[in-house]
Amino acid sequence: MKKITRRSFNTTLSVGIGAMLNSTKACAETLQDGKKLGMALVGLGSYSEYQLAPSLQDTQHTYLAGIVTGTPEKAAKWTEKYGLDKKNIYNYENFDDIADNDDIDIVYVVLPNSMHADFCIRAAKAGKHVICEKPMAVSVVECDAIIKACNQAGVKLSVGYRLHSEPYTQELMKIVKEKKFGEVNFVSADAAYISRGNPNQWRLDRKLSGGGALMNMGVYSIQSAIYGSGQNPTSVSAQEFSTRPEYFKDTDETISAQFEFPNGAVGNIYTSHNANINRHYSSFEKGWVELEPANNYGPLSGRTSGGVTLSYPHERQQKLQMDDFAHHIMYGSVNKVPGEMGKRDMIIVEAIYESIREGGEKISLDLGNMGIVTG
Ligand code: NAD
């Protein structure tokens with residue numbers, strides 16, 4: 001069995017005193033202002049256009065203040081549509097000038113995965129708080145570099161895992177944490193959709209995506225296996241399947257992986273770009289919880305043993321997520337998705353790819369409670 005350790009785990013503990021003081025001062029100033037924090041979206045693709053920008057029209061603690069785009073036509077369209085101030089419009093080349101713009105407090109990086117690290121680090125160096133879309137980066141090394149840059153700059157960092165702000169998911173986490181049905185003994189987490197679009201899209205280009213289904217959807221399975229069990233896995237074994245190699249030339253199509261957890265529970269995750277599945281199941285000593293759908297934009301749907309149907313009013317998950325992060329910056333509430341969580345998931349992603357390369361060999365993981373948020 002191979003062993004993976006917490007590489008440079010301590011980078012997260014290396015926050016300089018000066019940086020902490022800067023951050024505290026910034027919070028105090030924001031509190032006095034009582035203002036909404038200004039957010040700039042970097043990359044105006046489909047997620048920014050159809051999810052984030054509309055959600056930012058409803059957020060309580062943050063608002064759309066600026067954009068960063070390489071396409072002048074998009075800049076003009078967005079400026080008019082959202083009434084943006086022209087001085088808050090940047091392109092990828094002059095992006096670093098954002099350091100001098102007091103309207104922008106948070107930079108949200110919504111670019112292809114291999115571009116996350118560069119823009120997150122530049123945003124941190126510009127003194128802006130950062131939200132980085134999932135997957136956090138394309139390697140653990142890059143995740144470390146983002147975390148280090150944010151720590152050095154004294155800015156806050158989050159990853160775009162919107163489900164941590166979503167009520168069905170929060171109820172699952174609560175049931176696990178409070179052991180409502182006793183100890184968890186099995187989790188199953190599936191996240192997959194059929195990709196049939198342009199074969200040259202960046203998600204199928206390893207240089208830009210870092211990997212295929214696992215990077216794109218598999219991180220949701222990894223996430224829900226962990227919050228659906230309340231623990232980080234101690235080992236993983238994985239298998240890859242390919243049925244459309246002519247389309248998935250450069251990236252993984254389908255991956256299945258099995259986890260072992262510290263309390264003896266086991267888990268199975270499945271991810272694919274060649275099936276439509278969106279489901280979570282946690283089994284406990286005295287009951288179960290099922291979410292289906294479990295990770296789309298909602299509304300989610302869920303049931304528990306005892307004939308209970310979960311029911312919550314629907315709000316945009318992205319609105320809840322961005323408000324939670326702005327609230328964390330302004331009022332010091334818990335950061336529901338810290339950078340360490342994104343890094344932990346990338347350690348698991350790398351272990352899964354390693355297991356596949358080694359013919360399904362079990363890879364041991366030494367994650368401790370890394371990325372597990374309590375409170
Ligand atoms: P998209 O293809 O729709 O948009 C990508 C954007 O990046 C476009 O504006 C494009 O112009 C720009 N870009 C800059 N350089 C590029 C290059 N070299 N190649 C391709 N595009 C380039 O993608 P998307 O769906 O908006 O995804 C963006 C990020 O958001 C990804 O990291 C993705 O994983 C993440 N995402 C997260 C969620 C979620 O639910 N949290 C959902 C969708 C996407």
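Hi everyone! What we have here is a predicted model, where local features need pLDDT of at least 70, side-chain atom pairs count only at pLDDT 80 or more, and totals for chains, interfaces and linings use all residues. Residues are numbered from 1 along each chain as its sequence is written, and side-chain values use heavy atoms, with hydrogens and water left out.

A pocket is an open set of points on a 1 Å grid over the protein atoms alone, where a 1.4 Å probe fits, with protein on both sides within 12 Å along at least five of seven lines; lining residues have an atom within 4 Å of a point. Volume is the space filled by probe spheres set on the points.

Now, the largest pocket: it holds about 770 Å³. Its lining has 35 residues, with Tyr-47, Lys-134, Arg-203, Asn-216 and Tyr-297 nearest the centre. Helix α2 (46-55) is among the contributors of at least two residues, and α2 makes the largest contribution, five residues. Helices here are DSSP runs of H or I, at least four residues. Both domain 1 (2-161) and domain 2 (163-314 + 339-365) supply at least three lining residues, with bounds from an automatic or database domain assignment.

α6 (167-177), α8 and α10 (339-357) each give at least two residues, with α6 giving the most, five. Thanks, all!
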